[in-house]
Structure formats: structure tokens, C-alpha cells
Amino acid sequence: MSKKTYVLVGTGGRAEFFYGAIASQFRETSELLAFCDINTVRMDYSNRILKEKYDYPQVKTYTSDRFDDMIHELKPDCVIVTSVDRTHHLYIIRAMELGCDVITEKPMTTDAVKCQEIIDAVERTGRNVRVSFNYRYAPHHTKIRELIEDGTIGDVTSVHFEWLLNTKHGADYFRRWHRDKRNGGGLLVHKSTHHFDLVNFWIGSQPETVFAMGDMLFYGRENAEKRGVTKFYDRATGNPNAKGDPFALTLDDNEHLKAMYLDAEVEDGYRRDQSVFSDGISIEDTMSVTVRYKSRALLTYSLNAYLPWEGYRIAFNGTKGRIEANVVEQSYVNSGGDKALEGALQGANILVFPMFGEAYKAEFEEAEGGHGGGDPVLLNDLFGEPVDDRFNRAANHIDGARSILTGIAANISIAQGRAVKVDELVRMPK
Ligand SMILES: NC(=O)c1ccc[n+]([C@@H]2O[C@H](COP(=O)([O-])OP(=O)(O)OC[C@H]3O[C@@H](n4cnc5c(N)ncnc54)[C@H](O)[C@@H]3O)[C@@H](O)[C@H]2O)c1
């Protein structure tokens with residue numbers, strides 16, 4: 001069997017999830033040909049990891065201005081996009097125009113215009129886009145889909161969903177490029193794309209109308225000043241003012257973070273260790289969203305990024321009962337430790353309350369691995385032998401679009417103080 005060939009754009013923290021899989025358990029089916037990034041230090045470091053950790057041959061490296069050359073020279077079957085969110089559409093679209101399929105990290109993109117461009121490019125080229133929604137594959141998430149699909153609580157009428165990011169992982173978005181809303185669309189797009197995708201997947205419907213409010217009430221210099229903080233700094237590494245700040249992340253005492261970010265700064269000036277209490281943050285840390293779905297179900301959703309634990313609580317109300325789920329996840333600093341434990345499941349329980357019967361606990365097999373155990377199953381779906389999936393968990397560009405449109409509509413709603421109709425944002429294919 002001939003191997004499927006890949007190139008990867010964006011060799012930062014998330015990239016190893018994909019190239020490490022190709023270089024290890026999927027060697028028989030897949031081959032990595034090249035890296036592409038704006039930063040050659042980071043590409044060289046990724047090649048070092050390939051060699052030292054996976055004993056895999058070095059791959060070619062191309063700076064991002066040579067993306068077309070890379071495709072013309074290597075003719076890969078598929079481009080994996082793991083770059084900064086605001087650049088995803090550039091590579092997704094160009095890859096398809098040059099005849100490749102695409103696997104992209106979430107969020108597929110950050111605003112409605114770019115989303116439309118991707119949808120149009122798929123129509124024009126006939127190529128495939130996969131969005132790597134790992135959370136769908138976590139066994140407890142698939143179980144909720146199964147319960148709802150099987151009619152356990154009848155038709156879902158409303159959903160109450162609260163997601164908690166804690167002071168470790170939640171704070172990390174305020175140190176990195178995500179702190180600038182132009183880069184990732186804010187947490188309602190960058191992070192909530194996972195959560196809104198899950199709701200679409202769970203209830204089998206799509207968002208119709210969105211109303212949202214959001215604010216920054218904890219991070220940022222002004223909020224810290226109000227709490228009496230007087231010592232400030234721009235970046236933590238090498239700054240004495242950062243000592244004693246539980247939110248400070250220094251790069252020189254973590255070998256991996258140093259090699260990937262600190263040593264690479266000379267080329268792009270990107271600082272991964274910014275203070276969460278410095279100026280210049282343009283994303284919200286406290287968000288609340290109301291959604292009406294096409295099925296007429298209503299969602300109330302909240303996301304906070306500075307809480308004492310990480311995970312979520314959700315309740316689905318239906319015409320025949322109610323499902324409640326409580327999930328605790330392992331917190332992490334992005335790429336700061338064992339990647340397999342990023343967002344690993346700490347505990348989950350799903351309770352079913354039939355309208356007139358005894359409540360019971362729904363059983364499922366807990367899985368190991370990142371993102372609630374979804375990461376390893378997703379990898380098998382991407383790079384392994386095809387398997388039938390009753391739950392259709394493989395997400396395409398339409399799923400990718402629907403999952404970001406709730407957040408994109410929420411951003412418009414926050415800015416304009418009005419309810420936003422999702423169908424007015426993009427034209428879906430007929
Ligand atoms: N599914 C998940 O659970 C999950 C987890 C983490 C990250 N991600 C996604 O992975 C992507 C990368 O995130 P990360 O944490 O690795 O960030 P990162 O900052 O570690 O890496 C981003 C990389 O993109 C590169 N880049 C920046 N501008 C570029 C350009 N114009 N062209 C090409 N490359 C460019 C940077 O140099 C860097 O190497 C994001 O889209 C993020 O949402 C997904």
C-alpha cells in the first residue's frame with residue numbers, strides 16, 4: 001500500500017501531536033515530507049525532535065513565503081495546518097488550489113469573511129478539509145451523543161453549559177498570541193469552537209440566533225491595579241518583578257519552552273511569556289452566550305478563564321428527561337510538559353434523569369490521552385485504516401464553519417449589543 005504524504009505548516013506547540021504520530025505509530029500508512037513556518041529556529045527544533053525522539057529522517061524546511069515551492073516540489077497529498085489561527089485560511093485555501101487535501105487545527109478560521117473564502121474554495125477545488133475536533137472522540141462525549149441520538153431524553157429543548165478554564169491553562173491564553181483578538185478571534189472563537197462543536201454534535205443541530213456579552217474582569221493591568229497590585233512587568237523571563245507572581249511563566253527554566261520559543265525570538269520577536277497583567281490584551285476572560293438552534297433548542301453558555309479548576313458542567317433538558325454531566329480535566333501549560341496529559345480526563349460522570357423513572361448513571365469506558373482521551377482516537381481516524389463510525393465524528397469544513405459561527409456571531413453581538421442571525425454571516429453550499 002502506498003503511503004499518504006504530508007507537509008505541516010506551523011511548527012509550534014501543537015505540531016508534534018501530528019508529526020509525532022506520523023513518525024511513530026502511523027509510519028506504515030503515512031509519511032512526513034516537510035515543515036513550513038515563518039521561523040526557521042522552530043522548524044529546526046522540530047527536526048531535532050523528529051530525530052532524537054522518534055528516530056525519523058530529517059524533513060525539508062520551507063519558510064512560509066516558499067509554501068507554493070514546497071507544494072510544487074514535494075506534491076504532498078495533504079497539508080496539515082497548525083499555525084496561528086489568523087493564518088489558517090491562507091494555507092487551507094492555497095493548499096486546495098494546488099491540489100492538496102487539508103487537515104486543520106481548530107478553529108478553522110477566525111471571522112466570517114475568511115470562513116466564506118474557505119467554503120468557496122472547497123466548492124471550487126473539490127478538495128477535502130478535515131477539522132481536528134479531538135473532543136468529539138472522547139468516550140464520555142461520544143456517550144452523550146449516543147444517549148441523545150437514541151432518544152433517551154426525547155427532543156432536546158434546552159442546554160445549560162458552563163466551561164471553566166483555570167488559573168494555569170486559562171491564564172496561558174493571556175500570555176501568548178491569543179491575547180490579541182485579531183490572532184484567534186478571542187476565546188469565544190479560539191476555545192469555544194470546541195464547545196460549540198460539541199453542542200452541534202450532541203444535539204444534531206446548528207446555531208440560528210446568537211446573543212452574547214463579554215468582558216475582561218480579571219486579567220489585564222487595570223483589573224490588577226484595582227486589586228492593589230503595584231509591581232508590573234511585560235514578560236516574565238529574566239524579570240525580578242515576576243518572582244512570586246503565581247501567573248508568571250519563565251522560559252529559561254524549561255528546556256522545551258526555551259528551545260521552542262525563547263531561542264526562536266531572534267527571528268520573529270514573538271514572546272510567549274507575557275504578563276497576564278500587562279496592557280495590550282484585547283480578548284475577554286468572562287463570557288456569556290445565549291443561542292437558539294435550528295431545532296428550536298435554546299443554549300445558555302458561559303466561559304471563564306481564571307477559575308480554581310478546569311472542566312465543565314452541562315445539563316440537557318428534553319421532552320422525556322434530563323442528562324447532567326460533570327467533567328474535570330487535567331490543567332496544563334500549553335506545550336510545557338507531557339503532551340499526552342494536556343486536558344486528560346480526571347473524572348467524568350453522566351447522570352440520566354428519566355421524566356418519570358429512577359435516575360441512573362450512564363456507563364462508558366474512560367480513555368487515557370489528551371483532551372479527555374479524544375486525542376489518540378482522533379489520530380487513528382486521521383492516519384489509521386478507515387473504520388465505520390456510527391457517530392460520524394470526522395468533522396469537515398462545514399462542521400468547522402458551524403462551530404466557529406456561534407463564536408463569530410457572539411463577537412459581533414458583544415460589539416454591537418444585538419442578537420445576530422448566523423445565516424446572515426456566510427452562504428453555506430446548497
Ligand atoms: N485541538 C487542540 O486541542 C489544540 C491544542 C493546542 C493548539 N491547537 C491549535 O494549534 C494551532 C497552533 O497552536 P500552538 O499552541 O501550537 O501555537 P504556537 O504559538 O506554539 O505555534 C504556532 C506556530 O505558527 C507559526 N506561525 C506564525 N505565523 C505564521 C505564518 N504566517 N505562517 C506559518 N506559520 C506561522 C509560529 O511561528 C509557530 O511556530 C492553533 O490553531 C491552535 O488553536 C489546538
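Modeller: Let's start with Asp375, which is buried at 6% relative accessibility; here buried means under 20% relative accessible area, exposed over 50%, and partly exposed in between, with a 1.4 Å probe and protein chains only. This is a predicted model, where local features need pLDDT of at least 70 and side-chain atom pairs count only at pLDDT 80 or more, while totals for chains, interfaces and linings use all residues. Residues are numbered from 1 along each chain as its sequence is written, and side-chain values use heavy atoms, with hydrogens and water left out.

The partner of Asp375 is Arg14: their side chains form a salt bridge at 3.4 Å, N to O. The term stands for a side-chain nitrogen of Lys or Arg within 4 Å of a carboxyl oxygen of Asp or Glu. Arg14 sits in the loop between strand 1 (4-9) and helix 1 (15-23), and Asp375 belongs to helix 14 (residues 374-383), so the bridge ties together parts that are 361 residues apart in sequence. Helices (H or I, at least four residues) and strands (E, at least two) are DSSP runs, numbered from the N terminus.

Arg14 is among the closest of the 28 residues around the ligand, together with Asp37, Asp85, Tyr91 and Tyr261; a residue is near a molecule if one of its heavy atoms lies within 4 Å of it. By class, this shell holds seven nonpolar, 14 polar and seven charged residues, where Ala, Val, Leu, Ile, Met, Phe, Trp, Tyr, Cys and Pro count as nonpolar, Asp, Glu, Lys and Arg as charged, and the others, Gly among them, as polar. A polar side-chain atom of Tyr91 comes to 2.6 Å from a ligand nitrogen atom, and one of Arg42 lies 2.7 Å from a ligand oxygen atom. Ser83 takes part through a backbone N or O atom, 3.3 Å from an oxygen atom of the ligand. The protein buries 94% of the 850 Å² that the ligand exposes when taken alone, with areas from the Shrake-Rupley method and a 1.4 Å probe.

Setting aside residues up to four places away in sequence, Asn39 touches Ala264, Glu267 and Asp268, contact being heavy atoms within 4.5 Å.

Back to the charges: the salt-bridge count is 31. One of these pairs joins Glu52 and Arg48 at 3.7 Å, N to O; the two are four residues apart in helix 2, so about one helical turn separates them. Glu52 is exposed at 60% relative accessibility, whereas Arg48 is partly exposed at 38%. Lys258 and Asp263 form another salt bridge at 3.1 Å, N to O, with Lys258 partly exposed at 32% and Asp263 partly exposed at 34%. Finally, Asp68, Arg94, Glu97 and Arg124 are linked in a network of salt bridges.

Note on methods
Polar contact = N/O pair within 3.5 Å; in protein donor to acceptor, adjacent residues only side chain to side chain.
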